[in-house]
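Colleague: I would like a close look at one part of this model, with the cut-offs behind each term.

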Amino acid sequence: MKMTVRELQEFAYLPLVLLAEVACYSIGTSVAALSAKHRSKRLPRGHADSLSKLRAEAWWLIRHVERKGEPVSYPEIAALFGTRHTTVLEGVKRYERERAGTGESK
């Protein structure tokens with residue numbers, strides 16, 4: 001059950017760790033499965049790309065939830081997934097470009 005940003009916004013009151021889990025659950029995965037620790041393991045050909053797309057989608061969803069009137073920051077998201085904030089920034093931008101190409105909306 002994919003959630004929209006509007007639906008995920010209803011969970012903005014949760015601690016950030018739980019909000020991230022809800023976002024990941026809505027796209028069929030978990031924070032642990034997308035974390036940096038998991039990426040270090042060898043994956044069959046093609047799986048790394050699909051995980052990258054899921055990771056970018058999760059980051060995008062989390063980034064667009066407003067908490068206390070502000071979007072979740074890139075460093076906060078990066079800390080949840082064990083990566084750098086610049087990696088999150090690039091992933092979110094890439095996902096936005098992909099969405100623009102397919103005509104999806106919030």
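Colleague: Which side chain meets that of E57 in a salt bridge, and at what N to O distance?

Modeller: This is a predicted model, in which local features need pLDDT of at least 70 and side-chain atom pairs count only at pLDDT 80 or more, while totals for chains, interfaces and linings use all residues. Residues are numbered from 1 along each chain as its sequence is written, and side-chain values use heavy atoms, with hydrogens and water left out. The partner of E57 is K2, at 3.2 Å from N to O, and the count of salt bridges (a side-chain nitrogen of Lys or Arg within 4 Å of a carboxyl oxygen of Asp or Glu) comes to one. Because E57 belongs to helix α5 (residues 47–63) and K2 to the segment before α1 (5–9), the pair ties together parts that are 55 residues apart in sequence; helices here are DSSP runs of H or I with at least four residues, numbered from the N terminus. As for confidence, the protein averages a pLDDT (the predictor's confidence in each residue, from 0 to 100) of 87, and 84% of the residues score at least 70.

Key. Helix = DSSP H or I, 4+ residues; strand = E, 2+ residues; numbered from the N terminus.
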